[in-house]
Amino acid sequence: MLELNAISSGYGETQVLYGLSLVAQPGRVLAILGRNGAGKSTTLKTIMGLLPLKSGDIVFDGNPIATRAFDVARSGIAYVPETRDIFPSLSVRENLEIVAKRFGGPRPDWTMDRVLELFPRLGERLDNGGTQLSGGEQQMLAIARALLMNPRLLILDEPTEGLAPIIVKLIHDKLQELKRDGLSMIIVEQNFGFATALADDVAVVGKGQVVWTGSAAEIRADEDAQHTWLGV
Amino acid sequence: MFRHNALRYAVLVVLLAAALFQAFTAEYFGLEILTEILILAILVLALDIVAGFGGMVSLCHGALMGVGAYAYALLSAKAGIAPPLAMAGAVALTGVTAWAIGAICSRSHGIYFIMATLAFGQMAYSYVFEALVFGGDDGLGGIARLDLGLFGIDLNDSRSFALFCLAALGAVYGAAVLILRSGLGRSLSGVMHNEQRMRALGLTVWRVKADVFGLSGMIAGLAGALAAQHIMYISPGLLSWTVSGEALVVVILGGLGTLVGPLVGAAAFVVLKHELSGLTSYWHLVVGVILIAVVMSRANGIFGWIEARWGDRIERRVADATRKPEPEEATSDA
């Protein structure tokens, strides 16, 4: 579904990724793990066209991926950033509508009703402003907004960061539900337990390259890899 | 996104009452000042839409107003087109011009956006200043006002023209609210807060900016067409960057991104200008000191200052007054 072939990228003069390669299979969840500064978020931003690709290539569904962020979004990839980026001056309803009206189409998979069914809490807060939401509610809104883009691939950056354990469990259950529905996902996560419980496949990133790949079950069993690359 | 609250409604009612009182009681000079305020208010509403709600600080809105004024003058006086059609044409032409400027400048940000709009404004000023078709330095005269004789209204009468401008301002305010509450307005709000995020949500950012800039330009063009009819004479000075700068001062003085604030700012600025210029020719210095005080006070202009002091109190009173009384507990006699 998505192939990254020897990509290099970074911020301005600072290179972060050095020939990173990985593959995300359709209908499966790929977790990208690694220590802080390894290049996980940089990988996602490069896929999304938010950072320039310096070398290598990215292929999505057999075609080279677009280089501009809005073209990438329109090609069927939705991205939930670490910062969630809820628009503070818009209400929950308006935050959702801003996307729903753009990606609605004649018979969309995801509608306002369906995302509110997935996250009933948002239905109770529809008229609240973006700044009046808790961290968990903001994360639900960010995921709901991404789903309204009717993506074929959902990319999430640190979806549990700063959330209470009960909300982490709720987010986990919702993402499991999406996985059961067959939605392909890539998830970057520091929470090893959360990531490996959700993912089918795992790629570990270290110093801007993929240093380990395998299944979630394999990394759970490989204590050496956990210790060497993740410090678990 | 723009929302009305009790204080905003209250200030609008006070402003409307003051304008109507002035329109029906003032003599010629007072009516001229009122009309000047109303036309400036239309221009600064246009600027507030792009600067206050889209983060696009424009230094070419004076030039856009000038485009509207010259287009109206040329279409009505030179081309002989009926004034209502000339006015519609002037508004449309200014909108198209503004859309093109917005589309080009939308790829720049901050100081670069300001400089790009300034460059467009100065190009328009220089061209109009030199071109004979626009009357060069001498400008154009003999500009007719709309003929509303069909409705029994003579716009050559200062009072009627002031009321006509008031009606135009009301329509523009309503249009501005509709724009900001529409899908385009929501997208603009998103773009202002996080442009990169909006791109990642599949939005064509430059198009949103250009569309809003075009609509704002149409409003500035309307201000220009009214200004041309007000003075019945126009000169290149109307397109000067100082007009754009003055409009920006008025928006900041009143309250950026509030719609209501710029109306307060326009009234305060014109009244201050007329009162102070009678006392000293250095009235700009006094306005400058007031502007510095407003900026240093950290309030969002005069309206922001009012909102910070009385906004919550008025909201609470309105909430108390509109709250439904609790049903009295049933007295049980069981």
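Predicted model: local features only at pLDDT ≥ 70, side-chain atom pairs only at ≥ 80, totals over all residues.
If you want a pair to click on, Ile7(A) sits opposite Leu20(A) in β2(A).

β1(A), residues 2-11, has another partner too: β4(A), residues 53-60, antiparallel again, with 6 bridges. There, Ser8(A) has Ser55(A) in β4(A) as its bridge partner.

Quick reminder before we move on: strands in a sheet pair through backbone hydrogen bonds, and that can be parallel or antiparallel.

Now for a sheet with mixed pairing. It's open, it has 6 strands, and in chain A the order goes β6-β7-β8-β3-β9-β10. Which strands are at the edges? Those are β6 (77-80) and β10 (209-215) of chain A, each pairing on one side only. From one strand to the next, the twist averages 15°.

Let's zoom in on one pair in there. β7(A), residues 153-157, and β8(A), residues 184-188, pair in the parallel sense over 5 bridges. Have a look at Ile155(A), which stands opposite Ile186(A) in β8(A).

Last stop, the helix. Where does α10(A) lie? Helix α10, residues 223-230 of chain A, lies across β3 (29-33), β9 (201-206) and β10 of chain A. Its direction is at about 40° to β9(A).

Definitions and conventions. Residues numbered from 1 in each chain as written. Chains lettered and ligands numbered in written order. Pairing = 2+ DSSP bridges. Helix = DSSP H or I, 4+ residues; strand = E, 2+ residues; numbered from the N terminus. Axes fitted to C-alpha atoms, helices over the stretch in contact; angles between N-to-C directions. Contact = placed C-beta atoms within 7 Å.
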